[in-house]
Amino acid sequence: MKSEIIKLKKILSNGRFEKILILSGEKSFFKSGAKKLCNQIIDKNKKKLFFYFKKNSFPEIRELIKIINFIKKVKPNLIFAIGGGSVLDYAKIANTMSFSPTIKNDILHGSNKNLKKFCPLLAIPTTAGSGAEVTPNAVIYIKNIKFSVESDILKPDYAFLIPELVIGNKKKLKSSAGFDAISQAMESLISKKSTKESVEFAVQSLKISLKNYLSFVNKPNIDNSFNMCKAAYLSGKAISISKTTAPHALSYPFTAIWGVSHGHAVSLTLNDFLFFNYKNIEKSNCKFDLNERFKKIFSLTKTNSMSELDEFLKKIKKDANLVQDFKDFNIDIVKDFPKIISGVNIQRLSNNPINLDKNDIKSILFKRKF
């Protein structure tokens with residue numbers, strides 16, 4: 001998008017930003033077109049550039065420490081994060097925890113007392129999914145268990161959507177990331193913390209994603225790529241307010257232990273938890289009418305019942321080639337249940353509109369329809 005490029009150039013020509021740290025993926029920086037974009041918008045004769053290419057497929061504490069140490073060493077006055085959700089999460093946490101003397105403990109105990117920005121952060125996503133470029137939280141794994149760092153200070157100072165960086169992603173990545181945006185918006189609509197504003201963002205996101213998702217996956221072009229970037233951005237705005245629910249809470253061990261990409265991991269249980277929440281509507285302790293929220297989802301998906309919504313989502317996932325059988329990931333639900341439940345993010349689980357306990361999750365997983 002030419003207008004975005006012009007805005008980027010203007011920001012990067014700022015005399016304040018003489019030392020720029022570019023944080024990106026080891027391979028995606030070159031394959032996505034990020035390198036070409038950087039060459040186009042940064043005058044190397046006037047700026048000193050430093051590069052850190054993350055290696056892990058998901059953000060974890062040991063690499064985070066390396067990034068923080070690198071920031072302290074090179075002392076940038078702008079961090080330019082250009083990559084997928086993991087890159088952006090690394091950048092958000094590293095930029096705000098560089099002054100903390102107790103990084104690991106702060107993360108483990110959810111402490112924000114040492115959060116302080118090292119410098120401004122500019123974020124550009126190279127996947128259309130998480131909306132991490134606008135969310136005030138970031139994910140980090142410690143010993144395969146997912147933790148969140150949450151504070152408004154994490155939000156990037158600048159965020160841009162460049163569809164040219166997304167269009168060339170592999171189909172598998174488009175499928176997973178794009179479905180994450182869909183799930184985030186649906187979960188946001190029924191999250192206990194949802195508000196009138198978050199509902200508006202979630203509805204806007206779903207209107208765009210449901211119209212563009214499959215064409216983006218199977219026949220990508222600049223228009224549907226930009227639309228999915230926008231849908232992800234809006235879903236990020238929605239969950240910034242409402243947070244996500246059970247499907248996200250349960251997804252993290254599938255990613256950390258079995259390597260299932262995040263959006264794909266979320267897709268594995270979305271239908272099951274929607275079914276559970278709808279079946280138990282009378283047990284809702286939300287401040288809103290949960291039945292009305294499901295009616296919104298039915299309307300947006302052009303379905304009339306939970307069974308029709310279930311079939312609708314199954315078809316979308318099938319057409320996007322998102323495999324739904326746990327066996328395809330070498331996951332034995334019965335045998336591996338202790339591993340799964342030990343890695344569940346309780347914070348996200350508490351946002352579910354119907355209270356859940358370990359036995360509920362066991363029952364849902366053991367009786368799933370896939």
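**Reading the model**

Tutor: Asn330 sits in the loop that joins helix 13 and helix 14, where helices are DSSP runs of H or I with at least four residues, strands are E runs of at least two, and both are numbered from the N terminus. This is a predicted model, in which local features need pLDDT of at least 70, side-chain atom pairs count only at pLDDT 80 or more, and totals for chains, interfaces and linings use all residues. Residues are numbered from 1 along each chain as its sequence is written, and side-chain values use heavy atoms, with hydrogens and water left out.

Student: What is the phi of Asn330?

Tutor: Most residues other than glycine have a negative phi. Asn330 has a positive phi of about 60° although it is not a glycine. Asn321, in the loop between helix 13 (306-319) and helix 14 (333-342), also has a positive phi, of about 65°.

Student: Is Asn330 buried or exposed?

Tutor: Exposed, with a relative accessible area of 68%; buried means under 20%, exposed over 50%, and partly exposed in between (1.4 Å probe, protein chains only). Asn321 counts as exposed too, at 56%.

Student: How many disulfides does a search of the whole structure find?

Tutor: A disulfide is a covalent bond between the sulfur atoms of two cysteines. Here the search finds zero, with a disulfide taken as a pair of cysteine sulfur atoms within 2.5 Å.
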